[in-house]
Amino acid sequence: MRLELGNIDIKEIRFADKSEIKDGVLYVNQEEVIAQVLEDDLIRDAHLEIAVPGESVRITPVKDVIQPRVKVEGPGGMFPGVISKVDTVGTGKTNVLRGMAVVTCGRIVGFQEGIIDMTGPGAEYTPFSELNNLVLVVEPEDGWKPHDYERAARVAGLKVATYIGELARDLTPDETVVYERANLRESFENYPDLPRVGYVLMLQTQGLLHDTYVYGVDAKQTLTTMISPTEIMDGAIVSGNCVSACDKNTTYHHQNNPVIEDLFKAHGKTLNFVGVIITNENVYLADKMRSSDWSAKLAEYLSLDGVIISQEGFGNPDTDLIMNCKKIEEKGIKTVIITDEYAGQDGKSQSLADADPLADAVITGGNANEVVILPPMERIIGTTDFVDKIAGGHDGSLREDGSIEAELQIITGSTNEMGFNKLSAR
Amino acid sequence: MVKEIERAGIPVVHMCTVTPISMTVGANRIVPTVAIPHPLGNPNLPNDEEKALRRRLVDKALKALQTKVDDQTIFE
């Protein structure tokens, strides 16, 4: 299996009469994009805005962040099972628009979306402040249920990202990176002396707008399974999550999973990257037990020596995390878990809801309860109507001068549990 | 809360869905419930069946409260 990612650097986004990419500049015909979004009856109104790194702009409430990509060679298309047909992706060539993202924003569910500041102290906590963002602001028709509207907003973002990605189909990449994996037999033969390492990627699937989709399948309805890391790069996993902004994995996180990136870099040198196991985080205890049993069974079946486990969200998923860790350790396989902490504003409380002595190698994405002050911004994309209600905010979070006092939880991607952020602890 | 109330000499039953967390925090009497978003009910059931389910859970909890335990116990 071989996937070539051709990175095309986007240095600027401008509105124009014709959508195209020329010399690193993305030109967007707004009307053409919005016409596609408004095809959905649930969306009453939509428009695009551009946010540039360093600009005094606050984007909120942020639903998803998506990187435009296009399948240039090989089977399938972007976001299989959702936008493209369900063919297996992950091989051939894919062009990637590097340095930009499509951000979906607007009145959504309200209380569990996030903030992206493009400058100031808030910008330092989110990796998305460093991208040229094409922001899709959507307004729902009245009378729809939140879960119907969530689907409409999710698909609208993916549609726009696919449309933008398509503009890069015939371009020559600025840089090409090759990701290559052998089958199990060959990989064991090729690297008999290297430790066999796998990755357990936990997906948020608590339902009630906390969902992740794999090839279009709602992952809470699946058993733990395996997927090729290159399939994930081609958009096989998309976020449908309206959970705490700091530690939800947006679609962009899945497309650019840093654990997978680093395992590929180390593959064949210090370790043998054997594969990715995806598992869910459901709200029934029996599901948690079954899914974590399955993670451990697959890890054992793959004859792994070590496993990295990344979590999504917090609270009861801490139990899924600890179950995965404990059961895999009990098979004689070493684990490292990546999580974040809810240790109180003073950092003195217990960090996770669950614990076990076997979870003795932990990487943290930071304490989501830490209080931050975000100064006012000159321009707001979306609306600040929900700042007091978003998880991490409180009554009075939004001050009269437009500044915000809130917990770090409120910032999109700030304590990401794939390690796609800057906070950690030693 | 479970521990503080017991410290005051009143026995407590912790009714919860994720019993491993209850074990970790040190509850002594634990009654497993339905699901995290609806621990003491099930919106998928007709009203009369749901009522019966709720009564079963409360009866079980009351029974647990009257049962002597020597160690952390989950009342399945």
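## Ground rules and the sheet

Two strands count as paired if DSSP finds at least two bridges between them. Helices (H or I, at least four residues) and strands (E, at least two) are DSSP runs, numbered from the N terminus. This is a predicted model, so local features need pLDDT of at least 70 and side-chain atom pairs count only at pLDDT 80 or more, while totals for chains, interfaces and linings use all residues. Residues are numbered from 1 along each chain as its sequence is written, chains are lettered from A, and ligands are numbered from 1 in the order in which they are written.

With that out of the way, chain A has an open sheet of three strands, ordered S2-S4-S3, with mixed pairing. Strand S2 (12-15) and strand S3 (20-22) of chain A sit at the edges, each pairing on one side only. From one strand to the next, the twist averages 25°, where axes are lines fitted to C-alpha atoms (for helices, over the stretch in contact) and angles run from 0 to 180 degrees between N-to-C directions. S2(A) and strand S4 (residues 25-28) of chain A run parallel and are joined by four bridges. Opposite Tyr27(A) in S4(A) you'll find Arg14(A).

## Two helices crossing

Now for a helix pair. Helix H8 (residues 285-301) and helix H9 (residues 317-329) of chain A have axes that come within 9 Å and cross at roughly 35°.

Contact here means C-beta atoms, placed from the backbone, within 7 Å. On the H8(A) side, the residues that meet H9(A) include Lys288(A), Met289(A), Ser292(A) and Asp293(A); their partners in H9(A) include Thr319(A), Asp320(A), Met323(A) and Asn324(A). The residues of this contact split into five nonpolar, four polar and four charged. For the bookkeeping, Ala, Val, Leu, Ile, Met, Phe, Trp, Tyr, Cys and Pro are nonpolar, Asp, Glu, Lys and Arg are charged, and the others, Gly among them, are polar.

## Cores and a buried glycine

A residue is buried if 20 or more other C-beta atoms lie within 10 Å of its own, exposed if 12 or fewer, and partly exposed in between, with C-beta atoms placed from the backbone. A nonpolar core is a set of buried Ala, Val, Leu, Ile, Met, Phe, Trp, Tyr and Cys residues joined through C-beta atoms within 7 Å. The largest such core has 114 residues, and Val103(A) and Leu136(A) touch the most other members. Helix H3 (residues 146-166) of chain A gives the most to this core, with ten residues. A second, separate core of 15 residues includes Val283(A), Val13(B), Val18(B) and Val31(B).

Gly122(A) lies in helix H2 (residues 121-125) of chain A and counts as buried because it has 25 C-beta neighbours inside 10 Å. Setting aside neighbours within four places in sequence, Gly122(A) is in contact with Ile115(A), Asp117(A), Val372(A), Leu374(A) and Ile411(A).

Chain B has three helices and three strands, in the pattern α-β-α-β-α-β along the sequence. Its C-alpha trace spans about 40 × 25 × 20 Å along the principal axes. Of the 76 residues in chain B, 26% are buried.

Where the chains touch, nine residues of chain A are in contact with ten residues of chain B. The chain A side divides into six nonpolar, two polar and one charged.

Terms used
Two residues are in contact if their C-beta atoms, placed from the backbone, lie within 7 Å.
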